[in-house]
Amino acid sequence: MTSESMELRREIAQGEARLTSDPLVAGAVHPCLDLMRSRRQTSPKRLVDPGPSEKQIHALFEAAAQAPDHGRIRPWRFVRVGAAARPDLGEAFASALRERDALAGPTQLRDARDKALRSPFLALAIARLDDAHAEIPAAERCVSLGCALQNMLLGAHALGYGAGLVSGQALHSRALLDLFGIEAGELAVCFIAVGTVSQDKPTRARPAPRDFVSSL
Ligand SMILES: Cc1cc2nc3c(=O)[nH]c(=O)nc-3n(C[C@H](O)[C@H](O)[C@H](O)COP(=O)(O)O)c2cc1C
């Protein structure tokens, strides 16, 4: 065998090795993609103690900071709702319900308050859509927040917790705006909840790429 053909064989072998170690080409699932595939929404009512430790929560917010951020303006912030603040959040939910429905009865108001007690970790995600850095449109800022949230959801999942997002009409109530100090140009988007899953649910059927991908 000539030295050229030996060299050619070596190159082919190296190329094959690269292909078989590429999980997408080889058909295997990369652990990171596997993690994404198995993530699912867990409602806060199915999230119980133990929740993430302070160290883990710090890591989740660090994951949020990895979100793409056009213009590096960090167009979002989070407000944690610790155990001591849950009664205040409950009162805000009850006030929000009264704002929407002056005839809300004691049972509805109690249910509204109880929602504040769900999930060991809870934080409100707020988008900053103010006029500063007007060159970065609102859509891009919301994408950045969505990426931050997804990083946190995936991080929580990687740590073995369940996690979910919750929004609702109360987010835009006077009571919530006041409690969280939401300023003009800010938008309360949703809560993120993280905890131990008390009761698992099967993941939903996912859309197939052929249904949302086309080519030019
Ligand atoms: C901004 C945002 C707000 C959401 N708010 C709620 C909510 O109020 N209640 C709820 O059950 N799910 C909420 N979700 C979660 C979706 O319902 C959930 O992602 C969807 O059912 C698909 O489930 P999956 O996350 O397991 O794919 C929200 C999701 C997003 C992105």
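The paragraphs below lead through the structure, from its overall layout to its helix packing, its ligand shell and some individual residues.

This is a predicted model, in which local features need pLDDT of at least 70, side-chain atom pairs count only at pLDDT 80 or more, and totals for chains, interfaces and linings use all residues. Residues are numbered from 1 along each chain as its sequence is written.

The chain contains nine helices and five strands. Helices (H or I, at least four residues) and strands (E, at least two) are DSSP runs, numbered from the N terminus. In sequence order, these elements give the pattern α-α-α-β-α-β-α-α-β-α-β-α-β-α. Of the 216 residues of the chain, 22% count as buried. A residue is buried if 20 or more other C-beta atoms lie within 10 Å of its own, exposed if 12 or fewer, and partly exposed in between, with C-beta atoms placed from the backbone. Among contacts between residues at least 6 apart in sequence, 81% join residues at least 24 apart. Two residues are in contact if their C-beta atoms, placed from the backbone, lie within 7 Å.

Two pairs of packed helices come next. Two packed helices are described by the angle between their axes and the distance between the axes. Axes are lines fitted to C-alpha atoms, for helices over the stretch in contact, and angles run from 0 to 180 degrees between N-to-C directions.

Helix α5 (residues 86–100) packs with helix α6 (residues 106–114) at an angle of about 140°, and their axes are 7 Å apart. That angle makes α5 oblique to α6. Angles under 35 degrees count as roughly parallel, over 145 as roughly antiparallel, 65 to 115 as roughly perpendicular and the rest as oblique. The crossing of α5 and α6 is right-handed. A crossing is left-handed if the near helix is turned anticlockwise from the far one by less than a right angle, and right-handed if clockwise. On the α5 side the contact is made by Gly90, Glu91, Phe93, Ala94 and Leu97, and on the α6 side by Gln108, Leu109, Ala112 and Arg113. Sorted by class, the contact of α5 with α6 has five nonpolar, two polar and two charged residues. In this scheme Ala, Val, Leu, Ile, Met, Phe, Trp, Tyr, Cys and Pro count as nonpolar, Asp, Glu, Lys and Arg as charged, and the others, Gly among them, as polar.

In the second pair, helix α4 (residues 54–64) and helix α7 (residues 138–158) have axes that come within 7 Å and cross at roughly 145°. The crossing of α4 and α7 is right-handed. Ala59, Leu60, Ala63 and Ala64 of α4 meet Ala148, Asn151, Met152, Gly155 and Ala156 of α7 in this contact. The contact of α4 with α7 has seven nonpolar, two polar and no charged residues.

The model also has a ligand. The residues around the ligand are Arg40, Gln41, Ser43, Leu165, Val166, Ser167, Gly168, Val189, Cys190 and Arg204. Here a residue is near a molecule if its C-beta atom, placed from the backbone, lies within 6 Å of it. The elements giving two or more residues to this shell are β4 (162–166) and β5 (186–197). The shell divides into four nonpolar, four polar and two charged residues.

Strand β5 is also the place of valine 197, which counts as partly exposed with 17 C-beta neighbours inside 10 Å. Leaving aside neighbours within four places in sequence, valine 197 is in contact with Thr42, Arg46, Leu47 and Gly162. Valine 197 and glycine 162 are 35 residues apart in sequence and 5.3 Å apart in space, C-alpha to C-alpha.

Some backbone features lie in loops. The peptide bond from aspartate 49 to proline 50 is cis, with omega near -5°, and proline 50 is found in the loop between β1 (47–48) and α4. Serine 119, in the loop between α6 and β3 (121–128), has phi near 70°, a positive value in a residue other than glycine. Serine 119 counts as buried because 29 C-beta neighbours lie inside 10 Å. Histidine 133, in the loop between β3 and α7, has a positive phi of about 55° although it is not a glycine. With 14 C-beta neighbours inside 10 Å, histidine 133 counts as partly exposed.
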